[in-house]
Amino acid sequence: MMLKHIVMMKLKANELPIMLENLKQLENGLNDLLNHISVIEAWEVGINFSDRSTAMDLVLVSGFANEESLEKYKVHPKHLEVLSFIKKVIEEIRVVDYWV
């Protein structure tokens, strides 16, 4: 079994160039975590292209061996750096954790 950790984010409304820059920086920062956090077993970052009003802007689909690994990820210094940026640019965030 694998623990799936899904995070969906909606960026704060800004002018389009600022939003796109924040989105790219967020995508790069999240993908860089793979280079630093060994407990990550699966990783996918997706940028939304839908224009539906209910759509989020970015999704992270990640996998971990167990809850302990997820907790190690959550407190890892590199994750905390990205989380600091997320708090500055994100308007809304939703999380789902489940077993597959």
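This is a predicted model: local features need pLDDT of at least 70, side-chain atom pairs count only at pLDDT 80 or more; totals for chains, interfaces and linings use all residues.
Student: With which residue does R94 form a salt bridge?

Tutor: Side chains of opposite charge can pair when their charged atoms come close. The rule applied here asks for a side-chain nitrogen of Lys or Arg within 4 Å of a carboxyl oxygen of Asp or Glu. R94 pairs in this way with E92, and their closest N and O atoms are 3.3 Å apart; E92 is itself partly exposed, with a relative accessible area of 28%.

Student: To how many salt bridges does the count come by this rule?

Tutor: The count comes to 3 salt bridges. One of them joins E27 and K24, with 3.1 Å from N to O, and both residues lie in helix α1, 3 residues apart, or about one turn of the helix. A helix here is a DSSP run of H or I with at least four residues, numbered from the N terminus. In this pair E27 is buried, with a relative accessible area of 15%, whereas K24 is partly exposed at 44%. Another salt bridge links E71 with K74, whose closest N and O atoms are 3.2 Å apart, and these two residues are also separated by about one helical turn, being 3 residues apart in helix α2 (residues 67-75). E71 is partly exposed at 42% relative accessible area, and K74 is partly exposed at 34%.

Student: At what angle do helix α1 and helix α3 pack?

Tutor: Two packed helices are described by the angle between their axes and the distance between the axes. The axes are lines fitted to C-alpha atoms over the stretch in contact, and angles run from 0 to 180 degrees between N-to-C directions. Helix α1 (residues 16-32) and helix α3 (residues 77-89) pack at about 160°, with their axes 10 Å apart. That makes α1 roughly antiparallel to α3, since angles under 35 degrees count as roughly parallel, over 145 as roughly antiparallel, 65 to 115 as roughly perpendicular and the rest as oblique. Contact means heavy atoms within 4.5 Å, and here N22, Q25, L26, G29 and L30 of α1 meet V82, F85, I86 and V89 of α3.

Student: How are α2 and α3 placed relative to each other?

Tutor: The axes of α2 and α3 come within 5 Å and cross at roughly 60°, and the two helices are therefore oblique to each other. Their contact is made by Y73, K74 and V75 of α2 and P77, H79 and L80 of α3; K74 is also the residue that forms a salt bridge with E71.

Student: Is S69 buried or exposed?

Tutor: S69, which is found in helix α2, is buried, with a relative accessible area of 12%. Leaving aside residues up to four places away in sequence, S69 touches V39 and F64.

How values were computed:
Residues are numbered from 1 along each chain as its sequence is written. Side-chain values use heavy atoms; hydrogens and water are left out. Buried means under 20% relative accessible area, exposed over 50%, partly exposed in between (1.4 Å probe, protein chains only).
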